[in-house]
Every structure is written in structure tokens, then in C-alpha cells.
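Today I am opening my notebook on aromatic rings. I want to see how they pair up and what sits around them.

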Amino acid sequence: MAERALKVLRLSIALGLIAALTVLVFGGWSSSVIGWLLGAGAGLMACQRQSIPSPKVGARLGLEAGLVLGGWILLALVLQGLVLRPAAGQPALALPQLLQYALLAPVITTVAATVTGAVQGLKQYRQIATWILLALILLIFPWIDQIARTNWIATVIQIQIFVMLALGLNIVVGYAGLLDLGYAAFFAIGAYTTGFLSSPQINLQWNFWIVIWIAAAVAALAGVILGAPTLRLRGDYLAIVTLGFGEIVPVLFRNLTDIQIYEPISKILGSILGRPEMAICLVGCDKPFNLTGGEAGINPIGRPYLPIVGTFQSSNYLPWYYLILLLVVFAVFMIGRLRNSRLGRAWTAIREDELAASAMGINLVKTKLLAFAMGATFSGFAGSFYAAYISAIFPSVFDFSVSVIILCMVILGGLGNMTGVILGGIIIMGADRLYLPQLALVLKGVLSTSVLPNVANPALKDFLATSVDPIQMRLLLFGLTLVVMMIVRPEGLVPDAMRQAELHSPEPDSVPVVEDPAVEARS
């Protein structure tokens, strides 16, 4: 009983802090939306790792977690409406409006947690019912977002793009154990392939539904090209090579602006004979060909079209949301099948001990190349979608920080665990694209209204006005998060069972030696 109460308390504190931060930063109807999402998560997590004999027992566990989480939201609503808004220069919430939020959000939170908990008591139908409930939440989220006017859907689409990238990188790093620091290069290759084939840049405007498969195939080929010369490398050396590959690709796209291609034999003969006019020009003869647009990039890029929906527009997020959701589900299904296949077990064997895997008959060359190719394939899908979504691509978008952020998602969530990788992607991208910009606005309002007018020292005032900006400190915050994670939970938030066993297994020296009684008697 005490253990269960402690579990509910820990769970409620973790989710309660996230819910309270969301309400303090966004306020209003965001309390009901985050209460609905986290309430469902609280009900699910409260029933994990234990047998729930009936829906009634699961509902009671969910109800307890939901009530505590609703209390956090209620407290945050009061603080945000009556204290934080006046401190940031906004009028305090009127009492009827505050009561409306304060009554509705805890009720929604508790109901969501109770329903999810009750589903966990369905015994043999528990897994199916949980998946149906999760699918229902994902499908109706855009409509709830529109009703609540939280405008989170654009950020959710970006989060799903990076979740797909993290799932692809998890194949290379998490399953095969090959450290890749240049994964953004495949993202760029998929995006630029879509730009070449679906824009007026080289007078090709193919259909997006064909181009996205070609982009994935080109990215997979690039993965093989990267993997082939690095087969003998491991650890730091492989990281350096992939880092170089990730830096070369954006530079290449930035500089392919004056292209002239000559027939090689005539070019060599002309150079030897000192007669350059002998070289036969094939491409860009009259004027050098601008392939990538340089720093300005490629703009515009064609968008998908469906008979009923029409052409996907930037002002209508619904088709984009469901398309990237479909791609993420496809990636989860395919990667899950690969993980449980013979190839997936070969990746695990290489990750654990490459020499032993080779001795057991695993083809290291083929297995490693397939890991690079499959990881790059899903990056190509994400890059193609991203290019069509923003209708423009630039080389500066695919810099080294993108590779680092994707790697952080995999490490934070848990190497080798798809659920953990998805959770890591949601946390990092949600913090980067949703919470930090809004937190910067709130802090700016508090500083200009309540803090800076009371600071007499001009130097301190300038320091506070220019330095207290969460967006400028985003990489510092990510770094601190990783340091804390490596100390507290090195296997990630949702660890892979095998990796968790490796990290927490006792050292060989610490295993107690059992003395043989016969030997002891003779001595």
C-alpha cells in the first residue's frame, strides 16, 4: 500500500511539474488540453508493471493519479491568473473566467486518468484497448487544439518530423552501436532531392508522392556511400568520420552554384595538348548551371496533392499533421519489424561484440551497410516531407546542431528503445520549439514590468535585459539535461531492457567467491 502511494506521488510530481509549467507559461485553455494529455499518461503510468485484476481497480488507480495532477493544474491556474499575469504587465484574470478554467481543467484531467486506468484492467484486451485509446488521442488532437485555440499543431508537426529522424538514428546508434554525428546530412539529402525533382530549379516538377520515395532511396544510397569506407572504424574514429560527412554535405549544397560539366577524355587531352577548346562541354556551356541556389536555397518546392483535400496549403495544418503522423506510424511499424527480424538480432550482436558476431557467421559488411542505409532511409522521408512542408530549403538549416539535437533525443529517451526515443523527441523538441519561446515572452514581460523598473544600477539593468533569455541558453540547457541524465539515469528515460541490464549488472570483481568446503577442510 505504501509502495503504491509512493509510486503515485512520484508520478504525480513528475507530470505535475510539467503540467504546472505549461499552465504558468501558456495559461487559459492550455490547462484543459495539457490536463487531457497528461491525465491519460498518468492513468497509463499508474497501472504499469503491475497486474490490474479489473477495470474498477485500474480506474481507482487512475483516479488517484488524476486527482493529484488536477491539484497541480489548479494551483498553477491560480498563480498564473492572479500573480504571474499582473507581474508580466497583463490584467489579472476575472473571477468568472478563472473559475471556468479552474473547474474544467481538473475535471478533464481526472476523467482522462480514470478512463485510461480502467482500460488497463481489461486483461487480455488491455494492449489493444490502450492502442485504440492512443490512436483516438492522436486523431482528435488537431480538433481539440482548434477548439482550445492553443495553436500547438504547427509545433507538433515539427516534433513529429524530428521524432522520425530520431527513430532512424536509433537504428544506427541504438541497434547497431555505430556512433553517427553527421545524421543531418541524410536529412539534407532527402530535402534537396525533393527540391531538385519538385521545383522549377532544374525544370522538373514531379509528383510529391513519387518524389518522397526517390528521396528516401537517394538518402539510403548516401548511407551506403558513407558506410562503405567506415566499416573498419568504431567509436571515436567513426564519430569523427561521420562528423566530417555531416559538415561536407551542407558545404557542398552551398557551393554547387556554378556548374560546368565536360566530357572527361576530351578535357584531359585538351589539358595535355594545351588546347582547352578541345574539351566537349555537356552541361552549363553557355552559362554555368546553378543547381542548389547557394545560400538562398531552393524556393518554391512543390507540395502534395490529394483529390479530396486538394493541394496542401501552409495555412491549413490538418493535412500536414495527418501525413507526418502516417509517416511516423509507418516508421514505427517498419523499424519494429526490423528489430525483431534476423537482421535486427545481427545489429544487436555487432553492438555487443563485433568480433564474436563475426565468429558466429554474421556478415559485418552487409549488416553495417544495411544499418546505415535503413537509418538514412527514414531521414530521407523526413527530409522530403520537411522540404514540401516549408516549400523551401536552405543549407544553413542542416548544420551540426541538428545532428546533435537528434542524438540527444535518442540518448535522453533510451538507446535502442523506440518508445523512449519518441518520448525523448517530444521532450527536447517540445522544449525547444514550444516552451522556450513562450517562456522568453513571459520572462520579458516580468522583467520589463516588475524587475527592471526597480533596478537602480544601469550595468545590472543592461545585463538582465540582454542575458535573461532562455532561447539564447537552449544549448546550455540541453547540455545540463544530458549531464544530469548521465549521472542519474544513464540508460535513458525508457531504457532498453538489455542495455539496462548491462549498465546495472554487478562488476566481475564484486561477485562473491564461494569457497569449496572440501578444499577448505584439507587446508
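Before I start, I note that buried means under 20% relative accessible area, exposed means over 50%, and partly exposed is in between. I also keep in mind that this model is predicted.

Entry one: the pairs. I looked up the total and found 24 aromatic pairs. I checked where they sit: Trp209 is in helix H8, while Phe312 is in the loop between strand E6 and helix H11. They are 103 residues apart, so I wrote down that this pair links distant parts of the chain.

Is Phe312 buried or exposed? Its relative accessible area is 2%, so I count Phe312 as buried. Trp209 comes to 29% relative accessibility, so I put it down as partly exposed.

I noted both Trp320 and Phe385 as buried.

Which residues form one aromatic cluster? I listed Phe162, Phe187, Tyr192, Phe196, Phe253, Tyr386 and Phe398.

I saw Lys267 over the face of Tyr262, 4.5 Å from the ring centre. I then found the charged end of Arg339 over the ring of Tyr175, 4.9 Å from its centre.

Key
Residues are numbered from 1 along each chain as its sequence is written. This is a predicted model: local features need pLDDT of at least 70, side-chain atom pairs count only at pLDDT 80 or more; totals for chains, interfaces and linings use all residues. Side-chain values use heavy atoms; hydrogens and water are left out. Rings of Phe, Tyr and Trp (its six-membered ring) pair if their centres lie within 6.5 Å; planes under 30 degrees apart count as stacked, over 60 as edge-to-face and the rest as tilted. Helices (H or I, at least four residues) and strands (E, at least two) are DSSP runs, numbered from the N terminus. Buried means under 20% relative accessible area, exposed over 50%, partly exposed in between (1.4 Å probe, protein chains only). A charge sits over a ring if NZ of Lys or CZ of Arg is within 6 Å of the ring centre and within 35 degrees of the ring normal.
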